[in-house]
Amino acid sequence: MEQDDPAEALTELRERRLGALELLQVAAGSGLVAYAVWALLLQPGFRRVPLRLQVPYVGASARQVEHVLSLLRGRPGKMVDLGSGDGRIVLAAHKCGLRPAVGYELNPWLVGLAWLHAWRAGCAGNVSYRRENLWKVSLRDCHNVSVFLAPSVLPLLEDKLQAELPAGARVVSGRFPLPTWQPVAVLGEGLDRVWAYDVHSGGPAGQAVPGPSSASIPGAPSSQVG
């Protein structure tokens with residue numbers, strides 16, 4: 001399977017975020033509003049995380065959420081979103097039958113926004129958003145994991161997943177693939193692409209092993225491998 005170039009994906013991501021920033025600047029007449037958004041929504045909690053592990057928030061698109069659910073739908077066991085942001089993936093996962101669905105997010109403003117979305121959807125009593133550092137959360141009882149993190153932290157994430165996930169777990173990574181694991185399915189194009197990885201037995205917590213470049217997922221669109 002031909003791996004995507006993280007540099008190209010980052011360039012596309014920067015361009016997409018720049019458009020949103022420009023709209024904010026036009027609306028406010030200056031860059032002060034953009035700075036306020038960063039200070040209030042993105043920065044809190046980062047002081048508690050080493051710089052190399054910090055991941056800025058960029059919300060998942062509707063297509064990205066759809067692809068994540070396509071690769072997890074119908075699977076049993078606890079579902080967690082690491083770095084859950086405004087909670088949209090957790091909420092959508094609960095609605096499609098992935099339960100319990102839990103989001104881990106360190107930023108208090110985003111956790112509050114996630115609860116607001118859940119309350120408006122009538123699901124506040126059915127989902128869980130926890131203000132916790134994803135690097136310190138135990139994944140030993142998690143069978144379905146979604147992540148939308150920066151490529152710089154993915155090697156460290158692989159180590160954590162390898163050490164903690166049980167056999168039979170599935171990991172879905174959005175925007176960027178895990179650097180050394182082999183996906184069993186890929187959906188989408190560009191920044192909307194997501195990769196699915198299965199964990200098999202091979203140690204105390206299971207071991208990710210190479211799989212086919214694509215796999216048939218019941219109820220999911222045909223896999224597209226770049």
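Tutor: In H4, the buried residues are Ile89, Val90, Leu91, Ala92, Ala93 and His94, where buried means under 20% relative accessible area, exposed over 50% and partly exposed in between, with a 1.4 Å probe and protein chains only. This is a predicted model, in which local features need pLDDT of at least 70 and side-chain atom pairs count only at pLDDT 80 or more, while totals for chains, interfaces and linings use all residues. Residues are numbered from 1 along each chain as its sequence is written, and side-chain values use heavy atoms, with hydrogens and water left out.

Helices (H or I, at least four residues) and strands (E, at least two) are DSSP runs, numbered from the N terminus. Helix H4 covers residues 88-95, and because 6 of its 8 residues are buried, the helix is largely enclosed by the rest of the structure. The cover over those buried residues includes helix H3 (62-72), strand E1 (78-82) and strand E2 (101-104), together with helix H5 (108-120), strand E3 (128-130) and strand E4 (142-147), and contact here means heavy atoms within 4.5 Å. Just after H4 comes Gly97, which takes a positive phi of about 100°.

Trp119 has its place in helix H5, and with a relative accessible area of 61% Trp119 is exposed. Trp115 counts as partly exposed at 31% relative accessibility, whereas Tyr129 counts as buried at 6%.
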